[in-house]
Every structure is written in structure tokens, then in C-alpha cells.
Amino acid sequence: ALESAIEKVAKSVVAIQVITLAQNSHLGSGLIVTSDGLIITLANLIPEGSKFNIFINGEKVDFKIQKADYKKNLILIKVAQNNLPTVGFADSDKIKLGQRVFLTAVSSIKANDWLVNEGIVRNFNTNTIKTNISEKSIISGSPLFNILGELLGLNYIDQDGKVSAISVSVIKTFLEL
């Protein structure tokens, strides 16, 4: 089931290459949320004034920032592409302690170069999902999924070095769904 879910969702994850004002470069992920090119990621992944590029399947694409909410830490980007793969959104009322979850993140800007990790929900509320997954900062902005391949949230590393996610309910509000 996990392998099928990973295959189902991987193509909806995009690479975001950021070049900061200090000319440092780092990599993060985003998620395609509509087939006509809307992508969501963490706002703090792309600091104000930095330059960034988006890669879908290894191809650099043109984009425009549609909306940013630095308080909710979310940014919505529009790319000039259609017929893109998307995923469904989980029902936030069905999130349970101990529920199996997994993340899919890019590990480079190349096509089909993802990393995955799995764990369980160890704590959650309406805004945040905390997992038992340990990971490095490269997973910033990557999606967290349930075992069905439905979006639960967008990942960041918390102060304990564990993966936490901005909840799907916050994302839906941001997207006005």
C-alpha cells in the first residue's frame, strides 16, 4: 500500500531551488495543488528578496507568486503549465494519533529524484501535525501524506529535529477551499 501511494503522489512534488541574498543556495519542495499550475510551499523556504527557480520533472518552469501569508507560512505560486498531476486532500477530522504517514521530497532538481520517509502521527491539533520522523532540512515544503496518498500537510523540521507539518485544514483555508 505504501509503495502504491508513493508512486501515486511523487509526480505532484516539485523542486524549489533558492538563492538567498547572501548567494547561498538551498533546495526545498512544493506541491502541485491544481492541474492548471498552482503550487503551494512554505513561505519561509523562499525568504523575501531571494531568487528561486521551480523545477517540474527536472524542467525549469516560469512562475509568478500569486499569494503569500507569512503568518501562516504559506506561499502560492502559479506556473505556466497545464495537465499537471495532483493529489487529494485528507479530511482533517480523520487524523488519528499513531496513524501511519509518509513524506515525499525532492533530493535534487533532476527528474524522478525523490526521497521518502515514513512514520506515525505523534501529536496534532488544528494547525500542526507532529510526527516521529527524523529528517534533514531538505524536506522543507514537502508534503506529508496518509497511507492513501492524501495530503495531510506541508513539512518543516521542528525544534526537536522531527518532521512537523502545517495542517491540511490551514492549507485549505489559505487556498480558500
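## Largest pocket

Strand 1 supplies three residues to the lining of the largest pocket, the largest share. Strands here are DSSP runs of E with at least two residues, helices are runs of H or I with at least four, and both are numbered from the N terminus. A pocket is found on a 1 Å grid over the protein atoms alone, as an open set of points where a 1.4 Å probe fits, with protein on both sides within 12 Å along at least five of seven lines; lining residues have an atom within 4 Å of a point. This is a predicted model: local features need pLDDT of at least 70, side-chain atom pairs count only at pLDDT 80 or more, and totals for chains, interfaces and linings use all residues. Residues are numbered from 1 along each chain as its sequence is written, and side-chain values use heavy atoms, with hydrogens and water left out.

The largest pocket holds about 150 Å³ of space. That volume is the space filled by probe spheres set on the grid points, which are joined across faces, edges and corners. The lining counts 17 residues, and Lys 11, Val 13, Ile 56, Asn 57 and Trp 114 lie nearest the centre. Two elements give two or more residues to this lining: strand 1 (13-19) and strand 4 (51-56). By class, the lining has 10 nonpolar, four polar and three charged residues. Nonpolar covers Ala, Val, Leu, Ile, Met, Phe, Trp, Tyr, Cys and Pro; charged covers Asp, Glu, Lys and Arg; the others, Gly among them, are polar.

## Nonpolar cores

The largest nonpolar core has 37 residues, and Ile 40 and Ile 54 touch the most other members. At least two core residues come from each of helix 1 (2-10), strand 1, strand 2 (25-32), strand 3 (38-42), strand 4, strand 7 (74-79), strand 12 (151-157) and helix 2 (168-175). Strand 7 gives the most, five residues. A second, separate core has 14 residues, including Ala 90, Val 101, Val 163 and Ala 165. Such a core is a set of buried Ala, Val, Leu, Ile, Met, Phe, Trp, Tyr and Cys residues joined through side-chain atoms within 4.5 Å. Buried means under 20% relative accessible area, exposed over 50%, and partly exposed in between, with a 1.4 Å probe and protein chains only.

Contact here means heavy atoms within 4.5 Å.

Helix 1 buries Leu 2, Ala 5, Ile 6, Val 9 and Ala 10. These residues lie on the same side of helix 1, because they cover an arc of only 120 degrees around the axis. The arc is that of the directions from the helix axis to the C-beta atoms. The face turned away carries exposed Glu 3, Ser 4, Glu 7 and Lys 8. The buried residues pack against strand 1, strand 8, strand 9 (114-124) and strand 11 (143-146).

Helix 2 buries Val 168, Val 170, Ile 171, Phe 174 and Leu 175. They cover an arc of only 155 degrees, so they sit on the same side of helix 2. Their cover includes strand 3, strand 6 (63-69), strand 7, strand 12 and strand 13 (162-167). Glu 176 follows helix 2 and has a positive phi, near 60 degrees.

## Buried single sites

Thr 104 is in strand 8 (residues 100-106). Its relative accessible area is 0%, so Thr 104 is buried. Beyond four places in sequence, Thr 104 contacts Val 9, Ala 10, Val 13, Trp 114, Leu 115, Val 116, Ser 142, Pro 143 and Phe 145.

Ile 46 lies in the loop between strand 3 and strand 4. Ile 46 is buried at 4% relative accessibility. Not counting residues up to four places away, Ile 46 touches Ile 16, Val 18, Thr 41, Phe 52, Ile 75 and Ile 77. Ser 140 sits in the loop between strand 10 (128-134) and strand 11. Ser 140 is also buried, at 16%.

## Positive phi in loops

Most residues other than glycine have a negative phi. Asn 73 has a positive one, near 65 degrees. Asn 73 lies in the loop between strand 6 and strand 7 and is buried at 15% relative accessible area. Asn 112 has phi near 55 degrees, also positive. Asn 112 lies in the loop between strand 8 and strand 9 and is partly exposed at 46%.
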